[in-house]
Each structure stands twice: as C-alpha cells, then as structure tokens.
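Here is a short briefing on charged side-chain pairs. Take a look at the structure first.

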Amino acid sequence: MRVVALAGGVGGAKLAHGLQAEAGADLTVIVNTGDDLERHGLLVCPDHDTVMYTLAGIANREWGWGIAGETWNAAEQLAVYGEDSWFRLGDRDLAAHIVRTDRLRRGERLTAVCRHLQRSLGVAAAILPMADEPVRTRVRADDGWLEFQDYFVRRHQEPTVHEIRFDGMESASITPEARDALAGADAIVICPSNPLVSIGPILAVPGMQAAIARARARGARVVGVSPIIGGHALKGPADRMLVSMGHESSALGVARLYAGLVDALVIDAVDAALAPAIAALGMSAPVTETIMTDDESRRRLAAETLAVAAR
Ligand code: FO1
C-alpha cells in the first residue's frame, strides 16, 4: 500500500513513525514548512527535522524535537557573542542547518536538500517539504503580528491567536515529488497535527487540494486522525487556538474543518459519543486508543488507520 501522510511536528512525527514501520519505503510524508525560520544565517526547518529525526530513530523522545543526547556547546558560545538564545540549536542538529543552507545557496531545491539529509540518516520513507518556495506562518496576537517561532517558543504559545496567515503562499506551488506521491497513493493520512498551523499550510499550497481530490476521484481514501482528545491537545496550543479562531476544541470541531476532504476521522475512545455527529458530516468516525506512548502504540494506530483507508 502506497501511503502519503500530511504532518506537522511532534504529534505528526509519531504517527509517521508508525506508518513507516507499516509501509517502509512506500511511505511519503509531506511536511509543513510554515514554521521554518532563519537562525544565525541558517535555514532551520523544525517540522521537517522533527519528522526526519523521528523516522531515523534518533529523536529526543522527551521533547519530541531535536536529537537524543544532544550537546549545546555552539549555542553557549553563540550566547557569549551576544546572539539571542531563545531558540536553541544543538551541536549535532546544527550540522543539518549548515548543510541545508550551503546546498540551497548553491542552487539546489529544498526538496533535494531534505532528501539528501534523510538518505544520509538512513530514513526509509521520503519526507517532502510542502513547497520548495519559502512560506512563513504568522499569527496575530493582541499586540500585532508575530513570526511563528516568536509566538511558539519565545512567548511559550501564551498570546491569544486572532488570525493566521501564510506569507509567501501565493508564490508557492506543490512540488513535482509531492504531486507524484499523491498521484500514486492508495491512502492519504492526515496526521494528528494542529489543523490550523500544521495541516492548514500544507492544504493551502496551490495545487495540493486539487492533487488530493484527483487521488480520491480514482479511489484513494483520505483518513484523518484527530489531534484533539477529550477536548484537549496532548501537546501544543491547538485546543486554545481552535477556540480563539472560532472553532470548537473537540474531535467534532476538527471534523468540521476536514469535512469534504476526508473519508474518515479516527477519534479517541474518550470521544466515542461524538461519532454520530461526526458521521453526519459525511465521514466515518472509527474509534480507538489514539495516544501514542511508545513504538508499539505508534505502529498499532498506524495499522488501524491504514485498515480504515483500505475499507
Ligand atoms: N522548541 C522549543 O521549545 N525551544 C527551542 O529552543 C527549540 C529549538 C528548535 C531547534 C530546531 C528544531 O528543529 C526545533 C526546535 N524547537 C524548539 C521545536 C519547534 O519550535 C517546534 O517543534 C515546532 O516548530 C512546532 O511544530
């Protein structure tokens, strides 16, 4: 079964890891690049790198991002030189940003650079940035527009988000690699990532929704997994952001956002009572345990999600 997954950072990476255990090299993950930023003159792609380190088996499992056993000598020395240190790059992580930035400056596309990094780490799946062109997510808080990582890391996701925009999206387009992957997919999985700032940017890339619609028209099934469990996000600000953006923080609220796009939304057992209301939106709502605590639960949820797609 050829599988394409759409994913943001930590939650998406966990399910992608389970999907890789099931599908191996038949898995393609399309990742959000709206969180990308420049630090110390280097391009950092947090969601791509989180998925890459997770699929390579070297992620820091406590934080979900970065590399296990990381050291921070460069970050400490950068602080000595007066560089601000609210977004920290570990010594080993830094190598990816150096190689990425160097290759981009030599004219390579972001997709090619990312594939090189993944192959170097022995990742079986293909992880594709949603676009080669730069797209940057901005959120409007009470005191104006913030860059995404300024909101997420520097301000600890505390500001209330009133509006979201994706700068550069009008100049971006789906990559040939992402289009080909969707054209050959048997199943498309929307990982349990933030619907507004992780999946939202991927779906907003010109050409992406049309490619998904073409895949569905020839029989591929689209299955989402709710990132909201019992009204709350396991990690990150998705629950508060849904509410401040006028949506409901529940699996039903997620289903409303994905109505017309997905054939099924996998929801957690604690949300079983929402299944009829979700079904009324025109999708099935299979119920299972969706919290991924270890490799086994990642793989089990992935297998169950793919079984829903195969029905
Ligand atoms: N998250 C933090 O909370 N603090 C950091 O200093 C930080 C650095 C960082 C460096 C590289 C990277 O790939 C991710 C990093 N993250 C950090 C995580 C990142 O901000 C979030 O995981 C995503 O952007 C949200 O999906």
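A search of the whole predicted model turns up 18 salt bridges. Side chains of opposite charge can pair when their charged atoms come close.

**Arg-100 and Asp-49**
- The side chains of Arg-100 and Asp-49 form a salt bridge, with N to O at 2.7 Å.
- Arg-100 sits in helix H4 (residues 91-105) and Asp-49 in helix H2 (residues 46-55), so the pair ties together parts that are 51 residues apart in sequence.
- Arg-100 counts as buried because its relative accessibility is 0%.
- Asp-49 also counts as buried, at 3% relative accessibility.

**Arg-216 and Asp-263**
- A salt bridge joins Arg-216 to Asp-263, and their closest N and O atoms are 2.7 Å apart.
- This pair links distant parts of the chain, 47 residues apart.
- Arg-216 belongs to helix H9 (residues 208-217), while Asp-263 lies in the loop between helix H11 (251-258) and strand E13 (264-268).
- Arg-216 has a relative accessible area of 26%, so it is partly exposed.
- Asp-263 has a relative accessible area of 19%, so it is buried; the cut-off for buried is under 20%.

**The network around Asp-150**
- Salt bridges link Asp-143, Asp-150, Arg-154 and Arg-155 in a network.
- Within it, Asp-150 pairs with Arg-155, the closest N and O atoms being 3.5 Å apart.
- Asp-150 is buried, at 14% relative accessible area.
- Arg-155 is partly exposed, at 30% relative accessibility.

Conventions. Residues numbered from 1 in each chain as written. Predicted model: local features only at pLDDT ≥ 70, side-chain atom pairs only at ≥ 80, totals over all residues. Heavy atoms only, no water. Salt bridge = Lys/Arg side-chain N within 4 Å of Asp/Glu carboxyl O. Helix = DSSP H or I, 4+ residues; strand = E, 2+ residues; numbered from the N terminus. Buried < 20%, exposed > 50% of the residue type's maximum accessible area, 1.4 Å probe, protein only.
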